[in-house]
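Hi everyone, thanks for having me. Today I'd like to walk you through a few salt bridges, so let's take a look together.

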Amino acid sequence: MICVVYDVSSIFCALQCASFCVNHVLPLCFRIMTSDLVAYLPTEIVQRDAKILKLQHPKEPSKHFLVYFVPDTGACYELLTVKDKHSSWFVDNAVVSSNQLIIATPLDPLFLVLPYLHSNTFHYRPLDQVLVDEQYPDITLLDGIITSVHLDHIADIKSADDCIIKYSQDKTLVWLRRKVNAVIKEMKAAGVSPGFNSELKDRDYQMYACGMVSDYIPGSLKRELLADFGIEEVEIEQVKDEVKSSKRQTENEDNEQPPKRQKVTGNKVKQQKQTRAQKQLAGVNTKGMKSMMAFFSKK
């Protein structure tokens, strides 16, 4: 049985920058729950005739990913899965035990077109001849929703009416730079930190945002983007390694076993290692608070 209810989730706002549609305002969202699945989907997907497309991944042609496509509006949503070893979710009055959360986040369709356009940089071609892929035929559906106005961000246009285009490196790099700056702006506004440095500089945000955008473009274009920002590829890998290391440290702290009873030897008490939660509680100012036993004393 599937339970569908309305919900407004701030997690979508935090993930908008990951999909780079920072000007897209997300509508009210549906929360879908089954016995082993929790998913947050925009209302547009549920109420309209949305399709799930299997498309070539923009970064790695040998891989594919799933995209929710809404033909009426031309909106695209990437399906992301957040997995954890053990997790449960509070859904209304129920607790759902599930180790994964599925989220649909907005995705700029130009990222899906870019690999096909980037593969041939010498000739003008109609868009319907650019979007040809026998392995992933669903890509042709984008031909009906992407106009010359959109393509002008990444291509030189010979005929706007017939959408005859040719890849433009200069325009694409300008467009990608705007995407990176938009991601940085959204991260700062939402208070999202890369999490690997207590004193973040603009350079840190640039490296992290470039890494995020690079996950949606071909490898050769990634090198051009990093060079445009004066960033070495090894720096991006170092940032990712530091973030992973920080995440593992946090997980290890969360998985720490509760302390054993303190051993008393004479007048000395042997201190046991505190968990992260205990450290946080130790810093709470309890001055003026009643003790728990005060509520059970006789009046």
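Let's begin with a definition: a residue is buried under 20% relative accessible area, exposed over 50%, and partly exposed in between, using a 1.4 Å probe and protein chains only. Asp152, at 39% relative accessibility, therefore counts as partly exposed.

A word on the background. This is a predicted model, where local features need pLDDT of at least 70, side-chain atom pairs count only at pLDDT 80 or more, and totals for chains, interfaces and linings use all residues. Residues are numbered from 1 along each chain as its sequence is written, and side-chain values use heavy atoms, leaving out hydrogens and water.

Now, how many salt bridges does a search of the whole structure find? The search finds eight, a salt bridge being a side-chain nitrogen of Lys or Arg within 4 Å of a carboxyl oxygen of Asp or Glu.

One of them joins our Asp152 to Lys171, with the closest N and O atoms 2.8 Å apart. Lys171 is partly exposed too, at 28% relative accessibility. Lys171 also meets Asp156 in a salt bridge, 3.7 Å from N to O. Asp156 is partly exposed as well, with a relative accessible area of 26%.

Then there is Asp202, which forms a salt bridge with Lys188, the closest N and O atoms being 3.0 Å apart. Are these two partners exposed or partly exposed? Asp202 is exposed, at 51%, while Lys188 is partly exposed, at 44%.

Finally, shared partners join Asp152, Asp156 and Lys171 into one network of salt bridges.
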